[in-house]
Amino acid sequence: MENIYNRAVREPLAVDRTHLANERTLLAYIRTSFAMIGLGAFILHLENSEYSLVLGLAALAIALMLLTAGIIRYNYYHKRINIEKYIIEQERHIGYLADK
């Protein structure tokens, strides 16, 4: 049987690392959407043609979709990670009480 102390230390740290990874992923979505916004603005100001207008607006729409998807994904996984953290804490308390 695994030492309860090792598990009690490892699992909360794993949850913290998972939270940090989730935040890094959100920042990557934000960074990518800002790059798409810049690309869309550049294309819109590049030349005044029908194609540049369509491409520029498409890039801006993609940027908005990326940002929305990133925020939705972050919130979804944030809730799942917190549920897992709660379960781990409950198991730790039950294990602690069982050892006494």
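A helix, as the word is used here, is a DSSP run of type H or I with at least four residues, and helices are numbered from the N terminus. Phenylalanine 42 lies in one of these, helix α1, which covers residues 4-46. Please keep in mind that this is a predicted model.

First, the whole protein. It has two helices and zero strands. Out of 100 residues, 17% count as buried. Now the contacts with a separation of 6 or more: 72% of them are accounted for by residues 24 or more positions apart.

Is phenylalanine 42 buried or exposed? Its relative accessible area is 52%, so phenylalanine 42 is exposed, because the word applies over 50%. Phe42 also belongs to a nonpolar surface patch of about 310 Å², made together with Leu39 and Leu46.

The other residue is serine 52, which sits in helix α2, residues 50-99. Serine 52 has a relative accessible area of 8%, so it counts as buried; the limit for that is under 20%. What does serine 52 touch, leaving out residues up to four places away in sequence? The answer is Ile43, Leu44 and Glu47.

To recap the pair: phenylalanine 42 is exposed, and serine 52 is buried. That is the end of my part.

Methods. Residues numbered from 1 in each chain as written. Predicted model: local features only at pLDDT ≥ 70, side-chain atom pairs only at ≥ 80, totals over all residues. Heavy atoms only, no water. Buried < 20%, exposed > 50% of the residue type's maximum accessible area, 1.4 Å probe, protein only. Contact = heavy atoms within 4.5 Å. Patch = residues over 30% accessible without salt bridge, like charges linked within 9 Å, V, L, I, M, F, W, Y side chains within 5 Å. Areas by Shrake-Rupley, 256 points an atom, 1.4 Å probe, with all protein chains shown as cover. Salt bridge = Lys/Arg side-chain N within 4 Å of Asp/Glu carboxyl O.
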